[in-house]
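Here are some quick notes to read alongside the model. Have a look at the chains first, then go through the points.

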Amino acid sequence: MTEQVLDLPLWAAIAVAIFLVLGALLTLIGTIGFLRLPTFYERLHAPTLGTSGGVGAILLASIIYFSVGTGRLVVHEILIGLFVSITTPVTFMLLARAALHRDRAEKDPDVPAKAPAK
Amino acid sequence: MSAIILFTAVSIAQLLLAVAMLIASVRIFVGPRAQDRIISLDTLYISAMLLLVTFSIGTGRTVYFEAALVIGLLGFVATLALAKFLMRGEVIE
């Protein structure tokens, strides 16, 4: 690599490497599950593996790398982690409700009918 | 030694994330309905954001962090607007 890479001690490099590969692997597994699961409501669960475990592990690797490399605490990655972990449930909840609404509007037999109002 | 470990890990992580983006874009094309395509767009931008963070570890620069933050913010708004559109048929009522 021709770019200027920060000099890290061995333990920090190993920790960064482990978290980086772990996060990427979790994201890939989530995406594979998203490709293979049969129905939409099952598919909705798989990518959250990437948005929770993947984002957490890779941002932790970034925090360790820049904190050890520059010699001071660098935690601005927490901002991304916080934001993703707040917005992903909101997004998926809304999408699930939209899909349910569409399936009910088409009278899909696999989807239960709307519960009667109390 | 630590430079070799870091370079290998960054390369592997970039490869895995690129494959994840590829699979997500496959789902955009084959996804039977609109909601599948929106979810795969969501997965695609999360993977791209993680790829940018990995780039910033590989090059040792922090400029990629801001790009990742902007992708996260705008992707959320885009997915939310598309979900609203599926639900109501229009974004702003």
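1. Starting at the N terminus, chain A reads α-α-α-α. That is four helices and zero strands, where helices (H or I, at least four residues) and strands (E, at least two) are DSSP runs numbered from the N terminus.

2. Before going further: this is a predicted model, with local features needing pLDDT of at least 70 and side-chain atom pairs counting only at pLDDT 80 or more, while totals for chains, interfaces and linings use all residues. Residues are numbered from 1 along each chain as its sequence is written, and chains are lettered from A and ligands numbered from 1 in the order in which they are written.

3. On overall shape, the C-alpha trace of chain A spans about 60 × 30 × 25 Å along its principal axes.

4. How much of chain A is buried? Buried residues (20 or more other C-beta atoms within 10 Å of their own, C-beta atoms being placed from the backbone) are 32% of the 118.

5. Now the partner: chain A puts 53 residues into the contact and chain B puts in 46, with contact meaning C-beta atoms, placed from the backbone, within 7 Å. On the chain A side, H1 (10-36), H2 (40-43), H3 (48-70) and H4 (77-105) each give two or more residues. The largest share, 16 residues, is from H1(A).

How values were computed. Contact = placed C-beta atoms within 7 Å. Buried ≥ 20, exposed ≤ 12 C-beta atoms within 10 Å, placed from the backbone.
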